[in-house]
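Hi everyone, thanks for coming. Please have a look at it first.

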Amino acid sequence: MVFRKLPGVSASGMGLRLSQKFVFLLFLSGLVTLCFGALFFLPDSVRLKRIFLPKSDNQAVTVGSENDVGEHSKKMPREQTAKGDSTTKLKILSRKQSVTHEARTVERSVGNKPPEEWNPSRTKTEPVGRARESVTGEERVTTSTQKGQNKDIFDFEKFKQCLLKAPLGKDNGKPSDPQTLQRREKVKEMMKFAWDNYKLYAWGKNELRPSSRNGHIGNMFGGLRGASIVDSLDTLYIMGLMEEYEEAKKWVETDLDLNSNGEASLFEVNIRYVGGLLSAYYLTGAEVFKRKVLELGEKLLPAFNTPTGIPRGVINLGSSGTSWSWGWASAGSSILAEFGSLHLEFMHLTELSHNPIYTEKVMNIRKVLNKIEKPHGLYPNFLSPVSGNWVQHHVSIGGLGDSFYEYLIKSYLMSDKTDEDAKTMYYNALEAIETNLVQKSPGGLTYLAEWRGGILDHKMGHLACFSGGMVGIGADDGPQEKRQHYLDLAAEITHTCHESYARSATKLGPEAFRFDAGAEATATRLSDRYYILRPEVIESYMYMWRLTHDPKYRQWGWEAVEALEKHCRTESGFSGIRDVYSSVASHDNMQQSFFLAETLKYLYMLFSDDDLLSLEDWVFNTEAHPLPVVRKNCLQSETGTQNAGKSTTE
Ligand code: DMJ
């Protein structure tokens with residue numbers, strides 16, 4: 001720009017006119033504003049931004065990637081800005097608490113001798129309560145801290161005294177019948193085989209690819225590694241594969257890096273990592289699991305920073321803590337099965353940390369769900385975390401909805417039957433499911449259809465087959481006149497799911513089966529014919545066995561073992577198959593971590609005595625990680641021996 005002095009106009013300085021100076025200054029200030037404003041658009045990692053801007057929970061975020069996603073999460077996250085957050089106060093509180101909590105963690109590990117671990121080989125016939133306090137041989141000394149004098153510290157000793165039975169039961173649940181024992185040994189061998197191959201070809205990765213003999217990482221866990229290790233800890237432990245358990249524990253100690261900065265499925269990280277670490281801690285008392293799970297738990301909290309407190313499905317585990325909804329979920333909604341399957345783990349995070357924030361978060365979800373009107377008493381699968389309204393009227397007991405219902409009844413059971421809200425919600429939901437979704441096929445099979453705005457889709461997913469077990473474990477606490485009915489319903493659903501296996505060439509069930517156009521429990525679409533080592537059908541066999549002791553459930557479980565061996569076992573691990581109706585196997589080259597966490601664990605339990613992880617003491621999260629019933633009265637009592645009289649391994 002050229003500045004010239006014009007005649008007759010006063011000028012100063014550089015010989016500019018006043019109006020020119022004004023324009024120049026305006027331009028300059030505009031430029032400065034623009035530059036500063038541009039900082040907001042720089043990526044998080046840019047240093048300048050960190051210097052100039054305070055960290056905020058509500059930063060705008062960009063679309064993540066890509067195709068390899070969670071169970072309920074089939075596509076890419078949607079771009080979201082968590083603006084208009086009405087829970088700022090809570091956020092500040094949560095940040096403060098986080099700091100306090102971190103400090104406490106450090107203090108604990110420095111100031112207190114970590115409790116000695118609980119090893120199954122040492123607990124074979126010991127009583128749970130009294131005997132653990134005596135100082136003989138390998139037994140540990142119960143310190144005053146562990147006796148609950150320091151209320152800030154989770155008292156593992158007292159926790160054990162509040163169990164009714166030893167976790168692994170008498171003689172680790174060993175069945176007396178030789179055939180059952182042999183079958184149990186076979187399942188243990190399968191676990192060892194799956195583990196050994198994972199170790200050989202995929203150590204530290206998330207899953208084993210058995211055909212290509214390498215590891216798979218994917219992007220479901222936001223950069224976290226070792227999903228198969230964390231998912232396997234408790235299975236290895238209950239099977240007495242102690243060398244393998246020790247390897248797994250060592251890896252958690254030295255290699256489980258929680259400082260990742262990727263986008264993770266909140267649901268998947270919660271059920272596999274949080275669930276896996278929690279149960280490893282409760283089973284063994286090893287401090288490392290507690291430390292890790294509390295560190296991880298904190299990283300999940302920013303997902304709840306939405307106007308309603310309903311968390312979004314995808315979270316950045318790094319310091320930004322930004323969260324997204326899945327790109328495929330209508331109108332930026334959150335998924336019922338995802339935000340509805342946090343309760344069990346979050347209640348235990350509060351138990352271990354003494355930080356109420358986790359309980360508050362999940363109780364708030366429940367409050368929102370209780371307030372909102374439900375079409376025909378049903379819970380649709382998509383909810384807006386902004387408005388708190390349903391986004392679509394699709395209801396399913398399979399994918400997208402499944403574990404929400406499971407967590408209602410399990411919340412009640414895990415609360416030592418004190419959580420009346422969860423109980424009411426569960427039985428009301430079950431009533432609505434029976435009225436609207438439960439169907440009988442022309443061939444007499446009971447199934448759970450899906451509901452789309454009042455229209456039934458006569459399809460049942462493999463995922464929905466967990467409901468045999470769910471309805472079964474809830475039967476006893478339902479209204480007196482309905483108890484037998486619920487048990488019958490559970491048996492019928494389990495029977496139908498078994499039929500979906502029995503009607504295939506491989507004796508393994510498809511991903512989804514239908515009851516229309518002449519089909520009865522068979523997949524009619526090519527795209528539904530695959531089996532990816534899922535546990536749900538076997539899970540229902542296990543619960544139904546425990547509830548009825550009808551030998552058919554063990555028989556069905558054994559059929560599944562034989563089918564897995566024949567069609568899914570490869571030279572280097574287990575693999576899913578692409579078509580259950582073809583006896584010529586086409587492997588999908590993936591040994592899912594839930595095969596080790598769930599399928600094999602439930603099979604092992606099916607062939608064990610009932611006191612191995614007794615259902616009186618333990619509930620299983622949706623990834624089959626056992627979490628103990630919280631007996632508040634006992635835990636808070638001075639002596640902590642409310643159940644000590646009953647605390648034997650018998
Ligand atoms: C597991 O990760 C969990 O059981 C989840 O609830 C549903 N899907 C898989 C197994 O099929």
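So, how many helices and strands are there in the protein chain? The count is 21 helices and 22 strands. Please keep in mind that this is a predicted model.

Let's stay with the whole chain for a moment. It has 650 residues, and 59% of them are buried. Now take the contacts with a separation of 6 or more: 69% of these come from residues 24 or more positions apart. As for the surface, the protein chain exposes about 26,300 Å², with 54% of that supplied by carbon and sulfur atoms.

Now to the ligand. Which residues are the closest to it? Those are Arg-534, Glu-536, Glu-598, Thr-622 and Glu-623, out of 12 residues that surround the ligand.

Let's zoom in on a few oxygen atoms. In Glu-536, an N or O atom of the side chain sits 2.7 Å from an oxygen atom of the ligand. Glu-598 also uses its side chain: a polar atom there is 2.9 Å from a ligand oxygen. With Thr-622, it is a polar backbone atom that lies 2.7 Å from an oxygen atom of the ligand. And how much of the ligand does the protein bury? Taken alone, the ligand exposes 290 Å², and 98% of that is buried by the protein.

Where does the shell come from? Two elements give two or more residues each: helix H9, residues 266-284, and helix H20, residues 593-606. H9 gives the most, with three residues. Sorted by class, the shell has six charged, five nonpolar and one polar residue.

Note on methods:
Residues are numbered from 1 along each chain as its sequence is written. This is a predicted model: local features need pLDDT of at least 70, side-chain atom pairs count only at pLDDT 80 or more; totals for chains, interfaces and linings use all residues. Side-chain values use heavy atoms; hydrogens and water are left out. Helices (H or I, at least four residues) and strands (E, at least two) are DSSP runs, numbered from the N terminus. Buried means under 20% relative accessible area, exposed over 50%, partly exposed in between (1.4 Å probe, protein chains only). Contact means heavy atoms within 4.5 Å. Accessible areas come from the Shrake-Rupley method with a 1.4 Å probe; for residues, only the protein chains shown count as cover. A residue is near a molecule or strand if one of its heavy atoms lies within 4 Å of it. A polar contact is a pair of N or O atoms within 3.5 Å; within protein, one must be able to donate a hydrogen and the other to accept it, and residues adjacent in sequence count only if both atoms are side-chain atoms. Ala, Val, Leu, Ile, Met, Phe, Trp, Tyr, Cys and Pro count as nonpolar, Asp, Glu, Lys and Arg as charged, and the others, Gly among them, as polar.
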